[in-house]
Structures are given as C-alpha cells and as structure tokens.
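Q: Could you take me through a few features of this structure, giving the general idea before each case?

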Amino acid sequence: MHSPSRRRFLATAAAATSAVLLGGAIPAAAEPASSAALPPLGSGFRWGVASSGFQSEGHAPDSNWTRYIAAGKTEDPYLDSVDFYTRFRSDISLAAELGVRVYRIGVEWARVQPRPGEWDEVAFDFYDDVISAIRAAGMQPMLTLDHWVYPGWEVDRGGWRNPAMVGDWLANAVRVVNRFAHYDPLWITFNEPAVYIANELRHGGIGVADVPAMQDRIAQAHNAVYDHIHRAQPGAMVSSNVAYIPAVEDVVNAALIDRIGARLDFIGIDYYYGVSPESLISNPPDFGALWRMPLHAEGIYYALRHYARQFPGKPLYIVENGMPTENGRPRADGYGRADLLRDTVYWLQRAKADGMKVIGYNYWSITDNYEWGSYTPRFGLYSVDVLTDPSLTRRPTDAVHAYSAITGAGGVPGDYRPTRLPVRCSLVDGLGSCLEPVAVPG
C-alpha cells in the first residue's frame, strides 16, 4: 500500500474508532451464510504444532542471539532452553499423540555453518535424525530457514547491514534445501520478517537507516531460495509467514508482501492478539507482558479474510497461533488455553465454510520455550519450568486433551458455539472488520 493510501486508511480507521468511542452506531453483525451445523475441516487439513530452533534446542552455538544475551539485553539467561536437542524424540512422540500431521522446526544456520565456508556434518546429521523422526511418526516437517538467528561470524561481518549477507545466507540455505528436500517438507524462508527487522533494530543488530536495506535483502533472499527450492523439490509448498498486526497489517507488512507475493505458494499467517476501541482503552497493548494482551478468537477469521481477498484462491495456513500465560498461571481475563483453542478452531471452520481456502493450522508451541529473552511468557501445550525444574519435565495443559479431540474430529462439533462472542467493533482488519463484522448464530 502506498503512502497516500496508508494515510487515508489511518484517517478512516481513526474516524471510525472515534465514532464508536463517542457512541456512534455499530453496523449489524452479519450472520453466517448458513446457520446449519459447521462442517469439519476435512481429512486433508493439516493440523500441526510449531517450534523454532534457537528457542527450544539449547546447546546454542555462537550467534547474534547468544551475543544479545551475553550483553545483558535479555531478562533471563538462556541455559539450555527446553533441551529439544537431546529430547527431540520424546517431544515428537508427544506431538504424534496429539494426532497432528505437521511438525514445524527451524534449521539453525549458526549450528550447521559455525564458520565461514565450513558446514558441520554432525549438525546436519542431527537435523537428519530430527526430520526422520518426524516422518517416522507420520508427520510432515515444516522447515524454517531463518527464525531470527544467524551465526556470530556473520555478526562480525555486519549482519544484515552487510550487502554480502544475501550471498552468505543463500549459500547456507541452498545447502540446507539440498540436504532435506527429499523429505518433502513444507518450507518457511523467513519467520515474521517485520518482527525480525524490529528485533534487530531493538537489540542493535541494525540501525534505523538500515531498515530499508534489511527488508530489501530479505526479499532478495526469499525470491532466490524460493526458485531453488522448486528446482530441488518440484511441487514444494513455500512461504514466509507474516506476523499479523491488528488494525495496521498493510502498513507493517504490505511492502514486503508486494515484493515476494508472486513467490508464495501459500499465505502463512501468525495470529495472536485482537484489538478494538474498548480494548485499546481498558487493556492497551503491552508487548512487555504478552499475557495481558487481548485475545479475540474471531480475529483469526478477519486475518484470513484479509489475505483471502488480497490473494483470491491462494491457500491460507495459520503457521502460528496460541495463548501466552505468565509462568503458566491463569490469565487475568479468565480465558483458558483449551477454550481459546476450541473457539479459534470454530472460526477456522467458519472461514472455510465461507469459502476461504484454509489448509492448515499450527499451534504455537508444542512446549514452552525461550520467548526471545524471557521464560515468563508460556505458550506451550506442554509446560516446562526451565528456571526451576532441572528435569525439564513436560507437563500437559488442558489444551492437550482439547487438541487431541479436535484433530480426531477434524474440528469442533458442528453445533459448537464459542465461549466468548465477537467483540464490539473489532479493528483487526481495520475498518473492514468493524463494518463487516461476523456473528455467532443464536
């Protein structure tokens, strides 16, 4: 979206929000196309779980993130996270018991290429073992090439400020693709590029003036590796997942999506938080306390509708979705993990019933992990107390049973109704989700 359109969008959204806050009329919510029982998502739907390399593996090699931690830029020490590196077989078994079909992991550049021009066969063997175990458990791997972490030697070269970063990144990515393409994985090139850029800016990996160059280099790298993946793995499904930002999605993500949209086999969406005029007043966004962020399950419908309209007919995949809690304690808003999961799946079924091409959903995450500087935010289906439990025991939350029931039935029952009704004038898709709201049949 170009700047004049952005200004018009923000002005219109602000006017609509002001009208609501001042007691203006709220459009009537649209009833679903049919009030009949919702059909399940079908046998071809990809239920999955997600994780990343650095956040869960432990035994971390030198990287930008180990240096951020060493420099005191994080709240908690890394330790060995949840030690997926040595416990991957049991975690994969836990996922298989859920009945999911996809297991997302990252292949850590810093692990497989510890020095310039030198790749570590032991590290590649580790990922061979992990991916083979995923396949043996009846699941398809989803492999992320870059989940915000790059080698320490690349930091010394300037990281994303260095024009040669694209060539370095591609040299590793091509080797990873060639090694693992025969497993027929789904591919994510860059995880949440806009947030990647923001994190590098926040921690000093780049400066403000470097932001356009980093975005341009990510687009170059994505487009080049996309073509290589399709040469190595005909029929591959490749994407770069966006962190969906309520109310301002196009302002944040459109510039990059415009650059790579022709090389996305599916639109990967990460949706977590909602927004409405009421929540902006009563519960302003606080990214330093994720467990306080407002959760609006119906927002996932608006996020899907946003991209279904932008890319008609293109498959849509929720690559990440989940609930943060503070050290596993109940949320102050009373929303439980199992209830949010069921409510969210209801809206996935609504989206598909309304004609959106929704092909998959990954829960973030299979276990708690290192949430980029802190162990306080807990997203796991299985809780792990890294700072207080040396055994790193995986303890099931109530969502484990709920997700198993969902995958077994292909969704929630056809007569299910969400535990929470849609919020008044959601702004998840800006003015569109306020003027075209969804409703739950009575």
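Q: In which helix does alanine 136 lie?

A: The model is a predicted one, in which local features need pLDDT of at least 70, side-chain atom pairs count only at pLDDT 80 or more, and totals for chains, interfaces and linings use all residues. Residues are numbered from 1 along each chain as its sequence is written, and side-chain values use heavy atoms, with hydrogens and water left out. Helices are DSSP runs of H or I with at least four residues, strands are runs of E with at least two, and both are numbered from the N terminus; alanine 136 belongs to helix H6 (residues 121-136).

Q: Is alanine 136 buried or exposed?

A: Buried means under 20% relative accessible area and exposed over 50%, with partly exposed in between, using a 1.4 Å probe and protein chains only. Alanine 136 has 70% relative accessibility and therefore counts as exposed. Its C-alpha atom is separated by 9.8 Å from that of isoleucine 92, which is 44 residues apart from alanine 136 along the chain.

Q: Which residues of helix H9 are buried, and why do they line one face of the helix?

A: An α-helix has 3.6 residues a turn, so residues three or four places apart point the same way. In helix H9 (residues 193-203) the buried residues are Pro193, Tyr196, Ile197, Asn199, Glu200 and His203. Seen down the axis of H9, they fall within an arc of 165 degrees (taken from the directions from the helix axis to the C-beta atoms), so they line one face of the helix. Among the elements that cover them, by contact of heavy atoms within 4.5 Å, are helix H3 (64-70), strand S3 (140-146) and helix H10 (211-232). Just after H9, glycine 204 takes a positive phi of about 95 degrees.

Q: Which cysteines does a disulfide join?

A: A disulfide is a covalent bond between the sulfur atoms of two cysteines; here the rule is a pair of cysteine sulfur atoms within 2.5 Å, and the count comes to one. Cysteine 425 is joined to cysteine 434, with an S to S distance of 1.9 Å, and the link is left-handed, with -105 degrees about the S-S bond. Both cysteine 425 and cysteine 434 are buried.

Q: How is the lining of the largest cavity divided among nonpolar, polar and charged residues?

A: Ala, Val, Leu, Ile, Met, Phe, Trp, Tyr, Cys and Pro count as nonpolar, Asp, Glu, Lys and Arg as charged, and the others, Gly among them, as polar. A cavity is a set of points on a 1 Å grid over the protein atoms alone where a 1.4 Å probe fits but cannot get out, and lining residues have an atom within 4 Å of a point. The lining of the largest cavity divides into six nonpolar, two polar and three charged residues.
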